[in-house]
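The entries below follow the order in which I looked.

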Amino acid sequence: MPLHLYNSYTRCKQPFVPLVAGAVSLYVCGVTVYDYCHLGHARTYVVWDMVRRYLARRYSVTLVQNITDIDDKIIRRAEERQVAMSALVAEFIAAYDEDMARLNVLPADRYPRATESIPQMIALIRTLEERGIAYASGGDVYYGVQAFPRYGQLSGRSLSGMQAGASGRVEEGDPFKRYPLDFALWKAAKPHEPAWDSPWGRGRPGWHIECSAMVRAELGDSIDIHAGGMDLQFPHHENEIAQSEAVTGQPLAQFWLHNGFVNIDGEKMSKSLHNFRTIREILAVFHPMAVRWFILQAHYRQPIDFTEAAMQAATKSWESLWDAWRCGVLLAEVLPSSPLPEVIARFEAAMDDDLNTAVALAVLLELAKPLRSTWHRVQHGGTLTGDRAQLARTWQTLHEIATDLGFCFSDPELKPAATEPEDTTWIETLIAHRRQAKGDRNYAEADRIRQELGARGITLIDQPGGVTLWRRSDATSATK
RNA sequence: GGUGGUGUAGCCAAGUGGUAAGGCAGGAGCCUGCAAAGCUCUCAUCCGGGAGUUCGAAUCCCCCCACCACCUCCA
C-alpha cells in the first residue's frame, strides 16, 4: 500500500505521489523567535520530523522551515528588554536549536529568514498589486480576499459565512481595509520600528507573505507538502494560498497537513491560563525521548492532553524501549543482523495509513518485550538464554523502526538534564554497613538502612552473590 | 451562528463489517531473611444513548446527547 495522507485541502486521505519522482519537497511553518518554545512547538516539530524521517525511507526529502524574525511580538519584546532585535532573535534561535536537538529533531535543510527575504516578498506584493488583487491604502498594502474566488477553500469557510458568524470578532478597527477579512501584505513603519524601503514607502512585511515568498524561492511554485499546526490552517495557510496561487496560477502545495494541539490537564494551553509549559521546563523533569513517545503515542491530528499520569506512562514505555535497546550489548557477536520483514511490513502498513504512530509504537513494544526481558534477567544475575540469532533480528528490527521514528538511545545529550557529578560515597558507605549487618544477620539494621536510603530517593537491588546495586528512584539504570 | 473534530476499561490509546491491539495503573503467584527490581498469569460479554440495515456492527445509515477546536496573534 502506498503512503496515504489526510489532506486538509480535500478533507480526505489520498495516496501520496511526489510531483517529481523520488523527491519530496516539504515546507513546515517555523517559529516566531521571541520566546522559548513550548510543548506545542515540541509536538509540531516532533511530528513533522517523524514525517520527514518516514518519507526519507523512500524519497529524497528537502525540508525547508522558515524563521519569522520580524513581527510585532518581537519588536515589543525587544523594547521591553531593551535589547536589539537582532540579539533577541539570535538568542531564541539558539534556544530553539538546543531544544530541538534534545528532542532529536533533525535540522531542516534550510531555514530562510523573513528579514532575508524582503525583496522576494516585495516582488510578490507588486505582482498582486499589478493584478488588482492587492491595494495600497494609508501606507499599508492589503490583499483583497474578494478578488480570489477560492478564498476559504482550505479551511472550508465562505466569506459570507465568516462575516455572518463573525459577530464582532473580525477586526473592525482598521480604517484602511476595504473589506474586513482583507489582510496586510505590507505595513507602514511606525517611528522607531525596523523598516525596509519599498515602493509604498518604508515599512515591513505582513506575516503571511513571508511563507509565500520563501516557498517559491526555496522550493518552487508548487510543492508536495505544506505542513504546520492546526491553528495555521486559517488564516495563515488560507492566505498563503491566496497570495501564491493568485501569482503563479499553480497549486501552492498538493498536500496540506495539520497537526493537532496540546492541552494541559484538559485545558487549552495558554499564557492567560498560566498553564504554559516550555520545552526546557518539561525536559528538566522528563526524558526527551519520553516526551517524544508521549507525542507519537497519539495520532498526529488528534488533540493530546499533557498530564503527569500520561507522562509517567510514556516514561515507562520509553524505558522499556531503552532497556530493550541496551540488550544489544549482549548480542554484539551476532549484530548487525537482518530485520524481520513481516514486522517491518506491519510498521509500514500502520505508517502508510496516514502515519498511525500509535500502532507503530505498539509494534515497538512488542519487539521490546523479549529483549528487555532478556536484559533484565541478565542484569539480575541470570545468564543469557534464548535464541541469540532471533533476538538479534528482533533487536535489529527494533533499532530500525525506533530510529525511523526519531528515538535516540545513545546520545548523552538526551539523558535527563545533566546534574552536577555528585559525591556518592555516602551511598556506598551505607551499602557497606548494610552488607555487614546482613552478614551478622542483623536484618533490623539492614532494613533500617534500606529505609534510610529509600527516604533519600535511593532504591537498592540485592543480587545473588551478595552484590547490591542502587539506583535513584527516578532513574532507569542501576549503579554498582 | 458557521466549520471541523472527538466520545472504546480507572487513565492513555489502536481497531472503520466478522466477533474488542498495546501501554499505564490495579489484582494474583514466583523469587527474597524482608524488600526492590524482575518474571509469569490476570484485568471491557462490550465500544456516549436510541432506532435501523446485515447471517453478523465499536465499525454502515438515521436521530439524539456530551465534549473540544477553529472562525482574532497562536504550533
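**Entry 1**

I began with Asn 104, whose place is in the loop between helix H3 (85-102) and helix H4 (118-130); helices (DSSP runs of H or I, at least four residues) and strands (DSSP runs of E, at least two) are numbered from the N terminus. The model is predicted, so I kept to its limits, with pLDDT of at least 70 for local features and 80 or more for side-chain atom pairs, while totals for chains, interfaces and linings use all residues. Residues are numbered from 1 along each chain as its sequence is written, chains are lettered from A and ligands numbered from 1 in the order in which they are written, and side-chain values use heavy atoms, with hydrogens and water left out.

Asn 104 is not a glycine, yet has a positive phi of about 60°. At 17% relative accessibility, Asn 104 counts as buried (buried is under 20% relative accessible area, exposed over 50%, partly exposed in between, with a 1.4 Å probe and protein chains only). I noted for context that most residues other than glycine have a negative phi, and that most peptide bonds are trans. Asp 265, also not a glycine, has a positive phi of about 50° and lies in the loop between strand S11 (262-264) and strand S12 (267-268).

I then looked up the cis peptide bonds. The bond from Phe 234 to Pro 235 is cis, with omega near 0°, and Pro 235 is placed in helix H7 (residues 233-248). The bond from Leu 335 to Pro 336 is likewise cis, with omega near -5°, and Pro 336 sits in the loop between H10 and helix H11 (341-352).

**Entry 2: helix H14**

Which residues of H14 are buried? I found Ile 427, Leu 430, Ile 431, Arg 434 and Ala 437. They cover an arc of only 115° around the axis, which puts them on the same side of H14; the arc is that of the directions from the helix axis to the C-beta atoms. The face turned away from this buried side carries the exposed residues Gln 436 and Gly 439. After H14 comes Arg 441, whose phi is positive, near 60°.

**Entry 3: RNA strand B**

I counted as near the strand any residue with a heavy atom within 4 Å of it. By that criterion 48 residues surround RNA strand B, and the closest are Trp 207, Lys 268, Gln 297, Asp 447 and Arg 450.

A side-chain N or O atom of Lys 268 is 2.5 Å from a phosphate oxygen of RNA strand B, and a polar side-chain atom of Asn 356 lies 2.7 Å from a phosphate oxygen.

Finally I checked Asp 447, which lies in helix H15 (residues 443-455) and is partly exposed, with a relative accessible area of 43%.

Note on methods
Polar contact = N/O pair within 3.5 Å; in protein donor to acceptor, adjacent residues only side chain to side chain.
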